[in-house]
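I set down what I looked up, entry by entry.

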Amino acid sequence: LKSMLNDPALLAEKAYVGGQWVDGDNGTFEVTNPARGDVIAHVADLSRAQVAHAIATAEAAQKDWAKWTGKERAAVLRRFFDLMMEAQHDLGVILTAEQGKPLAEAKGEIAYGASFIEFFGEEAKRIYGETIPGHQRDKRITVIRQPIGVAASITPWNFPNAMITRKAAPALAAGCAFIGRPATETPLSATAMGVLAERAGIPAGVFNIVPSSSASDVGKEFCENPGVRKLTFTGSTEVGRILLRQAADSVMKCSMELGGNAPFIVFDDADLDAAVEGAILCKFRNNGQTCVCANRIYVQAGVYDAFAAKLKAAVEKLKMGDGFEEGTTLGPLINADAIEKVQEHVADATAKGATVVMGGGTPEQGPGHFLPPTILADVTQEMLIATDETFGPLAPLFRFEDEDDVIAMANDTIFGLASYFYARDLSRVTKVAEALEYGIVGVNTGIISTEVAPFGGVKQSGLGREGSHHGIDEFLEMKYICASV
Ligand code: ADP
């Protein structure tokens, strides 16, 4: 891996704490390449005591960082952004090596991840307060917004770079210190960011990366240590619930980006080719391993067969392979469990009457976790797929007749992150967009992620928003000052 990098120093196996590169008291843990199965690095495995030490360091560093002007923080974050973009290729290579996604997609993620640093760096200058006309003649009311303190982050492996910057950028811009615990599968994308943070001149202790093989230990320390004032998590609803329970004792402010079960609806007045293109991007990006991937594809009866045929033709054009091979559009899944989950959904659906249009859940032989894409037809609400997030390359096609029915089916889930639909009738577009109980609605588009918009879910998909000017609120506290004059 080192030999593939223009700047080999970006491959960092130690933890970055208080401006120092440190070894783990628990030794190291292995990082493997999901396309080949080989070990590519041994990363510092921090103990719970080391994480507690990191929190103390961050707490001390944050006090000064909070005093910097917005413009000063913006300048450092701008350098951080520039360094990321200069290192885009290398960061992409590291990401593909540990996560598996095609290199072009990995480089796309780096640009997306960097965009949060750029955007929130600019926002650092605009953390405005408010004056409110007093309630009595002698009263003056001012509202100021202050950084909450140390922000601790737990992130997943599917976007090993962008999930970190989406949290770290608003935290740093607000004047918080940041401690990130990357997913065990993908710590190298995180430690590489430590290298760049250091070069950008982010003060020691303000940006920390604490890899550890014990997620639950770190989670407990983050929730129980009074030095942490904010917990920001992206991952499954199941783990989100555990963290919220743990955080309850200290009444910690929490942001949660949890699971989704995105409906993707194709109405009979849709532009079918555009809908197929959107479905491919939305379903198969990152090989179906994103929380905003289409999980249930509802197609109106009149266009069902035509859509299924066009989708099959488009999926046949996807090229599965090692993310480093030219032209690969589908990488491996992250691990063997991920393959099993897809197989479970396929088996459940076919047992209950679904038909296999292509694929079917047989993995490729070999060391990598490769599973060819599957399309299922005649899928119904009774199947596991209807309620459970698949997180893999499985496109299930549900048939519907009526607009109200499909809205009811789309909303019949505990999740409420992203949703999508394709239609052209203006009143239908307006009505459906308003009726979907989701934090995000893509209308005639399958891609909705951008740093300028508020990303987040309703119901059990989460709490809070990331991105846009709203994203910084998660790291600020409002203080109201009442002065008698
Ligand atoms: P995913 O399916 O994306 O891996 P998880 O919710 O299982 O979703 O994992 C998201 C992140 O949360 C990962 O970094 C994982 O290691 C971490 N994690 C898992 N269990 C816990 C826990 N009990 N406490 C804190 N973090 C956890």
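**Entry 1: ground rules.** I am working with a predicted model, in which local features need pLDDT of at least 70 and side-chain atom pairs count only at pLDDT 80 or more, while totals for chains, interfaces and linings use all residues. I number residues from 1 along each chain as its sequence is written. Helices (H or I, at least four residues) and strands (E, at least two) are DSSP runs numbered from the N terminus.

**Entry 2: helix 2 and helix 4.** I looked up how helix 2 (residues 70-86) packs on helix 4 (residues 103-123), and found an angle of about 165° with the axes 8 Å apart. Axes are lines fitted to C-alpha atoms, for helices over the stretch in contact, and angles run from 0 to 180 degrees between N-to-C directions. Helix 2 and helix 4 are therefore roughly antiparallel to each other (angles under 35 degrees count as roughly parallel, over 145 as roughly antiparallel, 65 to 115 as roughly perpendicular and the rest as oblique). I noted their crossing as left-handed; a crossing is left-handed if the near helix is turned anticlockwise from the far one by less than a right angle, and right-handed if clockwise. Helix 2 contributes L77, F80 and F81, among others, to the contact, and helix 4 contributes residues including I110, I117 and F120. Two residues are in contact if their C-beta atoms, placed from the backbone, lie within 7 Å. By class I found ten nonpolar, one polar and three charged residues in this contact (Ala, Val, Leu, Ile, Met, Phe, Trp, Tyr, Cys and Pro count as nonpolar, Asp, Glu, Lys and Arg as charged, and the others, Gly among them, as polar).

**Entry 3: helix 9 and helix 10.** The axes of helix 9 (residues 272-284) and helix 10 (residues 301-316) come within 10 Å and cross at roughly 50°. The two helices are therefore oblique to each other, and I noted a right-handed crossing. On the helix 9 side, L272, D273, A275, V276, A279 and I280 meet V303, A306, F307, K310, L311 and A314 of helix 10. This contact has ten nonpolar, no polar and two charged residues.

**Entry 4: the seven-stranded sheet.** Which strands does helix 10 lie across? I found strand 12 (262-266), strand 13 (294-300), strand 14, strand 15 and strand 16 (394-400), with helix 10 running at about 135° to strand 13. An open sheet of seven strands has the order 14-15-16-13-12-17-18, and its pairing is mixed. Two strands pair if DSSP finds at least two bridges between them. Strand 14 (355-358) and strand 18 (440-443) stand at the edges with a single partner strand each, so one side of each is left without a neighbour in the sheet. Strand 14 and strand 15 (residues 374-379) run antiparallel and are joined by three bridges; T355 has A377 as its bridge partner in strand 15.

Entry 5: In strand 6, I141 is the bridge partner of I132.

**Entry 6: the ligand.** Of the 13 residues around the ligand, I found A215, G219, G235, S236 and V239 to come nearest (a residue is near a molecule or strand if its C-beta atom, placed from the backbone, lies within 6 Å of it). Helix 7 (215-224) and helix 8 (237-248) each supply at least two residues of this shell. I counted seven nonpolar, six polar and no charged residues in the shell.
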